[in-house]
Amino acid sequence: MFRLTHTSAAVAARVGLGARTPTPERSYSDSGIRVPQLATFRLPEIKNEPTRDYVPGSAEQEQLMAAVEELGSKTHHIPLVINGKEVRTGDVQKQVNPGNKSQVLCTYENAGPKEVDAAIEGALAAKSKWEAMPIYDRQAIFLRAADLLATKYRYKLMAASMLGQGKNIWQAEIDAATEAVDFLRFNVKYSAEIYAQQPPLNAPGIWNRVEYRPLEGFVYAVSPFNFTAIGVNLAAAPALMGNTVLWKPSNSAVLSNYVAYDIMREAGVPDGVMQFVPGDAAAMTKQVFEHPEFASLHFTGSTHVFKSMWKQIAENIDRYKSYPRIVGETGGKNYHLVHSSANMDNAVNGTIRGAFEFQGQKCSACSRLYVPKSMWSEFREKLVAGTESIKMGPITDTTNFMGPVINQAAYDKITGYIEVARSSSDCEIIAGGKYSDRDGYYIRPTIVLTSDPYCKLMKEEIFGPVLTVYVYDDAEFDSIINTISETTPYGLTGAVFAEDRMAAVHASTRLLHTAGNFYINDKCTGAVVGQQPFGGSRASGTNDKPGSPSLLQRFVSPRSIKENMIPISGYTYPSNQ
């Protein structure tokens, strides 16, 4: 397990990475696999994976931190994996520890055009047997992957996420452990529910049924750095439904994504079904989108990149065998709206968590805060005091609430916004505003008070630990709702804090299209698989709701079957008599 091994140049020859070979004949109907279905199986009960607390001195914290120490004790090498073979390209990149940028966690192979072509052809070749495998066998593979992740490899995957992505223990637990496990298990539950959806009526002598075919072609999964679980789901969800997948991980999360990928291989995912191909995003994407059997994009990342991808797909539309399914979750400019009836401590603490946990690097993170004037003086005191008390530093110190941002580009972007606020006449930095990239990419949690609800910091996604506050007159609660809706193009998450039920209902109704995930008296982050399906619309994505059956429906193409049991004796109808 965790086969971070050196390979030889001979590997490239074994997987055909020399001159491009002719495209093999493929028949999607000739599966080569036929098995009897001798029963209709019942799945094990599916529940959310329990979170662990990792209190100081506990065995679970000691074992986790031992895994962190072991994983961080050397530099690992991550290969491409194409058709089950580890591949070297000679183009080697590195992933560093964002909290200690002098530490190279891993080097990894970068896929070039030959490797991408081999990965596509291998995925298409593997497709016929994989899609013909009975659904309960595919379900068994991903249930096993969930169990392996929850037990044997829990701490290893968490450690990779902590070191590589700057997560503290809790953020790694709710991502790399519980959410990743939940995605794998609940997708199995939802796949069974989808397969069970059958026509409710049959005319006399007729049997109607529906099959849920995988898409014709391959799926391109492009995963972000911020959630290991999202990487797992981007690849596993379409694969469960019978598709084969090219998985391009973020260059800032190669280590954790490879550990997760290796777990799924150990669970039984066949060679070629998931191709692990780190590489240059722009070059790989262009090549993928020019292939006639590109069937779907499964993406999480920035709005700008997603729009660019959509345009490229549109430009290539005449190449494709089928209309590609485009599934994407992108940015957010998420808000907390505080009503004068709100429980102040709940709103303050929820905002601190929502804005600054994992350094604000969640697409759902709170970035805008609206507070009534009557509450502001005391609210400000508590908000600033709580924010300034946040302990920040390396993830190896388990008492730190915050760690580093992911890389130099993110650091430069976020600090640029802080300096915009510092130089602006309508903004005041009331907490934080300090930063340093001497050892790692550390930015203190920053709160900006603005007199302009449409200022740059209120409109643009920052994706870092910067919260901008606007204080409104209590009597303008209704008009501030309009402001929230009009300020940004996004529609991902939002929250209202109000003890007055009518105020909460009014805000929820008026803010209908501003958030695909809306919270009442809770922070705007932390959606749980099976409880709050996640996603937004407007510029925040296609809102296909990972963590629900809706997402899996995007990776199947239903076929209706009508079987007639009684032969007809003529071609005329009664009205022809």
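Helices (H or I, at least four residues) and strands (E, at least two) are, throughout this talk, DSSP runs numbered from the N terminus. By that convention, Arg538 lies in strand 22, residues 537-538. The model is a predicted one, in which local features need pLDDT of at least 70 and side-chain atom pairs count only at pLDDT 80 or more, while totals for chains, interfaces and linings use all residues. Residues are numbered from 1 along each chain as its sequence is written, and side-chain values use heavy atoms, with hydrogens and water left out.

Let me stay with Arg538 for a moment. Its phi is near 50°, a positive value in a residue other than glycine. For accessibility, buried means under 20% relative accessible area, exposed over 50%, and partly exposed in between, with a 1.4 Å probe and protein chains only. Arg538 has a relative accessibility of 39%, so it counts as partly exposed.

I turn now to helix 4, residues 135-150. For helix 4 that gives 22 Å, and the end C-alpha atoms are 22 Å apart, which agrees.

Twelve of the 16 residues of helix 4 are buried, so the helix is largely enclosed by the rest of the structure. Among them are Ile135, Tyr136, Phe142, Leu148 and Ala150. What do these buried residues pack against? Counting a contact as heavy atoms within 4.5 Å, their partners are helix 3 (113-132), helix 5 (154-165), helix 6, helix 7, helix 8 and strand 9 (274-276).

Two packed helices are described by the angle between their axes and the distance between the axes. Axes are lines fitted to C-alpha atoms, for helices over the stretch in contact, and angles run from 0 to 180 degrees between N-to-C directions. Angles under 35 degrees count as roughly parallel, over 145 as roughly antiparallel, 65 to 115 as roughly perpendicular, and the rest as oblique.

Helix 4 packs on helix 6, residues 169-195, at about 165°, with the axes 9 Å apart. That angle makes helix 4 roughly antiparallel to helix 6. The crossing is left-handed; a crossing has that hand if the near helix is turned anticlockwise from the far one by less than a right angle, and is right-handed if clockwise. The contact includes Arg138, Phe142 and Asp147 of helix 4, and Leu184, Arg185 and Tyr195 of helix 6. By class, the residues of this contact divide into 15 nonpolar, two polar and three charged. Here Ala, Val, Leu, Ile, Met, Phe, Trp, Tyr, Cys and Pro count as nonpolar, Asp, Glu, Lys and Arg as charged, and the others, Gly among them, as polar.

With helix 8, residues 254-267, the angle is about 125° and the axes are 8 Å apart. Helix 4 is therefore oblique to helix 8, and their crossing is right-handed. Ile141, Phe142, Arg144, Ala145, Leu148 and Leu149 in helix 4 meet Ile263, Met264, Glu266 and Ala267 in helix 8. Eight residues of that contact are nonpolar, none is polar and two are charged.

Helix 6 has a further partner in helix 5. Their axes come within 9 Å and cross at roughly 125°, which means that helix 5 is oblique to helix 6. Helix 5 passes helix 6 in a right-handed crossing. Among the residues that meet are Arg154 and Met158 of helix 5 and Glu173 and Ala176 of helix 6. This contact has seven nonpolar, two polar and two charged residues.

Gln359 lies between helix 11 (344-356) and strand 13 (366-372), and Gly464 between helix 14 (456-459) and strand 18 (466-472). How far apart are Gly464 and Gln359 in sequence and in space? They are 105 residues apart in sequence and 5.7 Å apart in space, C-alpha to C-alpha. Gln359 is buried at 2% relative accessible area, and Gly464 is buried at 8%. Gln359 also has a positive phi of about 60°, although it is not a glycine. Leaving aside neighbours within four places in sequence, its contacts include Gly166, Met402 and Gly464.

Finally, Asn233 lies in helix 7, residues 228-240, and is buried, with a relative accessible area of 3%.

Terms used:
Expected span 1.5 Å × (residues − 1).
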